[in-house]
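The following exercises are to be worked with the sequence and the three-dimensional model at hand. Each task is followed by a stepwise solution.

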Amino acid sequence: MSDCHSCAEFSRSQLLTRGFAKAGRGLPAIEPGMPEPAGTGLDRRTFLSRSLGAALTVYGAAAFAPRALDEAIARASAAGRNERVLVTIFAPGGWDSLSLLYPTGDPRYRHLRPSLALKPGDGRPFSGDSRLHWHPSFEALSHLHTRGRLTVFPAIGYYHPDQSHFTSRHFWEVGALDTRQSTGWLGRLLDVIGDEENAMQGLSLDSSLMPSLATARVPVATLTNPGDYGFDSHNVWDVPAVLLQEAMGSLGGLVDETDPFLTNASATIGQADRLRRQLGRFIGDDGQAHYDTKAKYPETDFGRRLAGLAALLHAGFPIRAVALQAPGSYDTHSDEPGALANGAKEVAECLAAFQHDLEIRHLGGRVVTLLWSEFGRRAEQNDSNGTDHGAAGVGFLMGTSVRHKMVGEFPGLARGLDRDGNLKHTVDFRSVYASLLEHWFDVDSDRILPDAKKLPRFNLV
Amino acid sequence: MPLAVYKGPFGPEQAERLLWRAGFGPRGGEDAALAKKGLHRAVDSLVRPHGADRLVGKPPRVDGHGIAPKDAFGHDHLWWLDRMVRTSQPLVERMTLVWHDWFATSNETVGSQRIMLQQNDLFRTIGLGSFEGLAMRVTINPAMLLYLNGLNSLKGAPNENYARELMELFTIGVDNGYTERDVREQARALTGWTADYQNGYGWTRFRYKHENHDDAMKVVFGKIGAFNWKAAVKLCINHPKHAAFFVNKLWGYFIPVPPDDETRAALETLYVHSGHNIRPVVSAILKHPLLYEGPRMTKSPVVYTAGLLRRRGDRISTEDWIWLDAMAGQQLFYPPNVSGWNDDRWLDTSRFRARWLIARRALEKHAFNPEHASPKDRPPSDPAQLVDKAIAFWGGVRLTDHTRKALVAYAEKTMAAAIADENRQRAFPMMTYNALRHLVAVSPEMLTA
């Protein structure tokens with residue numbers, strides 16, 4: 001389509017992830033046997049957490065009261081301030097690994113990508129494989145790689161790759177090649193290592209629950225952004241501005257028994273005021289969030305979320321697994337270069353700032369970050385200066401504790417393509433999951449991943 | 001069966017409520033003018049406006065340019081918001097919004113502002129006529145064909161998406177007297193529509209192609225026939241549960257508490273006897289006592305935004321309305337799903353903050369700068385007078401004692417802080433006035449109507 005570079009299926013799957021499926025309405029038939037997103041059956045309640053100073057939507061904890069939530073968070077954070085954390089970041093749409101880590105040294109590359117191929121001088125060489133170069137937008141990641149803070153999986157995927165956005169993402173979210181699985185792989189991890197009261201242990205930094213965090217037993221939470229909650233006005237400063245915050249709150253508390261909607265509007269203002277007071281922890285007099293960091297994050301929503309996450313971890317919040325979505329839309333069926341470059345640059349720069357922030361805060365040893373997309377793209381480009389859905393793609397593991405520069409190899413564009421012309425995988429994503437479960441969280445991955453026994457392990461951390 | 005009609009006084013207060021429910025609130029003086037007509041003539045003037053719509057005031061201008069609703073992202077939102085602000089036929093525009101929610105179609109899937117605006121025009125043109133006619137036109141409307149997969153739903157491979165929603169959400173109601181078999185059979189009846197995709201332009205030449213249509217016999221609601229798309233819609237409109245569904249759903253757009261059985265039955269009769277016409281039912285709802293005597297309704301984000309600008313006679317002059325309304329939960333042309341926006345969810349702590357920012361943006365051009373204000377702009381320093389002036393700025397909105405006390409308390413505190421400080425005595429009344437206008441705009445009374 002001229003003004004939409006994504007396929008219709010992807011747009012629909014984006015809708016589905018926003019609770020479309022939950023409503024069970026207008027569910028466009030994406031494919032036969034389409035999986036229901038993990039976690040869509042969980043109960044949810046929204047609380048204002050005093051200790052966190054934000055509105056948390058808590059999943060799978062119907063019996064919780066707000067005070068119990070705060071007490072549980074306080075207890076859990078007193079119990080273990082040094083526990084390990086895994087952050088997973090999903091790049092939506094299936095990003096083009098053959099541009100992000102482009103095989104300029106592969107003889108078939110320019111033939112398969114006549115208009116899309118990048119030149120050897122465009123990006124930095126990749127030290128793990130002389131055929132590969134970093135996309136210029138990934139420069140910040142290439143520096144992390146040089147510093148030994150980044151493991152690259154140049155061909156990560158699974159057998160019998162599914163080219164539906166929806167199904168393939170589902171497999172990655174649930175950690176199994178099973179459309180019926182309804183809990184996420186991180187959710188099942190938390191069901192084993194987690195606490196029945198601490199909803200912060202699984203944190204979806206998004207407006208809705210990321211399916212990988214869907215649990216069966218313990219509560220998890222979503223939080224859009226810990227900062228960003230001020231009430232100022234144009235041409236009002238000094239004492240009138242300070243008093244204005246309180247005055248906003250005084251519009252709460254109006255009760256009219258004959259008028260539920262008026263009463264509700266006032267009650268919402270009261271809640272907003274309580275939230276504002278609690279958020280004082282991260283918000284300065286100027287109404288802006290201050291995370292007290294020296295790291296330079298790009299001024300974007302994604303950057304602010306990661307900055308907020310680093311601040312929460314630093315403040316001792318009992319977080320174990322975090323999931324969020326990366327900026328950008330990578331379903332680049334047409335006019336790929338611009339869309340890919342913009343998203344990738346923001347992702348790389350934000351991640352580099354996050355890693356830097358964690359290191360300054362001495363949290364580097366506690367956090368690893370996994371960056372993934374539901375698939376890579378077809379090796380041969382299409383006629384619209386774009387690429388269609390493929391199979392294996394590129395993934396990354398970032399952290400102070402990562403051991404390798406590269407895991408698995410790039411299979412090449414001659415023998416490394418399957419019958420459909422898609423890249424074959426050299427690392428199964430479930431092996432990465434199993435390795436992280438065992439080596440990072442010290443749990444038996446058989447309890448969490450259905451196929452754990454069949455999968456090789458890597459010493460990732 | 002008698003239909004209850006409001007018998008109480010019809011003054012500016014009642015006229016204002018009517019203008020909020022049937023439009024986007026009053027322009028300056030519009031409520032008083034409407035009140036003079038009395039209830040019946042007031043409602044008639046809304047449901048049967050004379051002549052063509054006139055847009056009053058200056059057209060949108062953003063960054064020195066006009067807007068490009070078909071092309072620039074979000075300008076579709078600005079374009080429609082502008083109509084809401086400037087229309088002289090507010091109910092026509094409000095019904096367009098009702099149908100956008102009722103037959104919710106999102107550009108997230110359609111991917112063409114041109115096609116979405118074409119649908120919008122359909123709602124505006126025939127939104128007060130026959131519901132059967134409207135449902136027919138929506139069924140074969142390009143945006144809807146794209147959104148719910150009616151396009152290229154073929155003989156032998158029918159897509160059930162539209163058939164299901166036609167019954168579940170548009171005409172009959174979920175689990176309300178149809179079966180899964182009816183869904184499948186209706187899907188067959190609806191087959192046959194196709195279009196061409198032209199590179200650089202998008203979908204075009206939407207048309208019915210007989211060879212794509214399944215013209216064999218179908219069984220729908222126990223009736224047998226070689227039904228086509230027209231018959232599929234007619235079957236739904238003539239379904240015994242349709243009239244009640246229609247009346248209930250339409251009522252909910254204007255009055256937040258359900259009608260009693262007698263009222264509903266009377267409205268159903270009115271609807272069916274009128275030949276499934278929308279106008280008489282809307283007219284009856286707008287005259288119903290519950291609209292004037294019942295509880296207030298929460299304004300949706302675009303109604304709220306348009307209302308602030310309309311009250312002040314301000315033009316659309318920024319793209320900020322796009323993200324501000326989206327943040328408040330309502331970006332036009334992007335309803336969250338096919339069931340439309342959820343009216344119970346207009347206010348929460350994030351969305352209230354968005355309303356705060358909307359009011360802030362609307363006030364920006366009116367906010368006095370205490371450092372550069374001329375003496376003639378200087379507001380009074382008496383707290384109660386400052387509050388009155390802020391209320392008058394918003395057309396004399398009626399506030400509860402609770403809210404008024406909160407405003408006066410704020411003004412008293414800021415004025416007290418200015419005692420014995422000349423600079424503060426000059427600046428604080430102005431800042432307080434700016435702040436009070438903001439507080440009035442986000443008061444519970446202004447969030448609802």
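Are Tyr158(A) and Phe429(A) buried or exposed? Both residues are buried, where buried means under 20% relative accessible area, exposed over 50% and partly exposed in between (1.4 Å probe, protein chains only). This is a predicted model, in which local features need pLDDT of at least 70 and side-chain atom pairs count only at pLDDT 80 or more, while totals for chains, interfaces and linings use all residues. Residues are numbered from 1 along each chain as its sequence is written, chains are lettered from A and ligands numbered from 1 in the order in which they are written, and side-chain values use heavy atoms, with hydrogens and water left out.

**Exercise 1. Describe the aromatic pairs.**

Step 1. Apply the criterion: rings of Phe, Tyr and Trp (its six-membered ring) pair if their centres lie within 6.5 Å; planes under 30 degrees apart count as stacked, over 60 as edge-to-face and the rest as tilted. The search of the whole structure gives 40 aromatic pairs over all chains.

Step 2. Classify one of them. Tyr158(A) and Phe429(A) lie 5.7 Å apart, centre to centre, with 80° between the planes, and the pair is edge-to-face.

Step 3. Tyr158(A) belongs to the loop between strand S6 (150-157) and helix H6 (165-174) of chain A, and Phe429(A) to helix H12 (residues 429-439) of chain A; the pair links distant parts of the chain, 271 residues apart. Helices (H or I, at least four residues) and strands (E, at least two) are DSSP runs, numbered from the N terminus.

Step 4. Turn to chain B. One aromatic cluster there includes Trp99(B), Trp102(B), Phe103(B) and Tyr271(B).

Step 5. Look for charges over rings, that is, NZ of Lys or CZ of Arg within 6 Å of the ring centre and within 35 degrees of the ring normal. The charged end of Arg94(B) is over the ring of Phe24(B), 5.9 Å from the centre, and Arg437(B) is over the face of Phe393(B), 4.5 Å from the ring centre.

**Exercise 2. Characterise the interface of chain B and chain A.**

Step 1. Count the residues in contact (heavy atoms within 4.5 Å). Chain B contributes 61 residues and chain A 50.

Step 2. State the buried area, which is the accessible area (1.4 Å probe) that two parts lose on being put together, summed over both. The two chains bury about 4,700 Å² between them, 64% of it on carbon and sulfur atoms. Of the area that chain B buries against chain A, Glu108(B), Thr349(B) and Arg353(B) supply 14%, more than any other three residues.

Step 3. Find the salt bridges, each a side-chain nitrogen of Lys or Arg within 4 Å of a carboxyl oxygen of Asp or Glu. There are three across the interface. Glu246(A) and Lys413(B) form a salt bridge with an N to O distance of 3.6 Å.

Step 4. Identify the elements of chain B involved.

**Exercise 3. Summarise each chain.**

Step 1. Chain A has 12 helices and 12 strands, and 62% of its 461 residues are buried.

Step 2. Chain B has 23 helices and four strands, and 60% of its 449 residues are buried.
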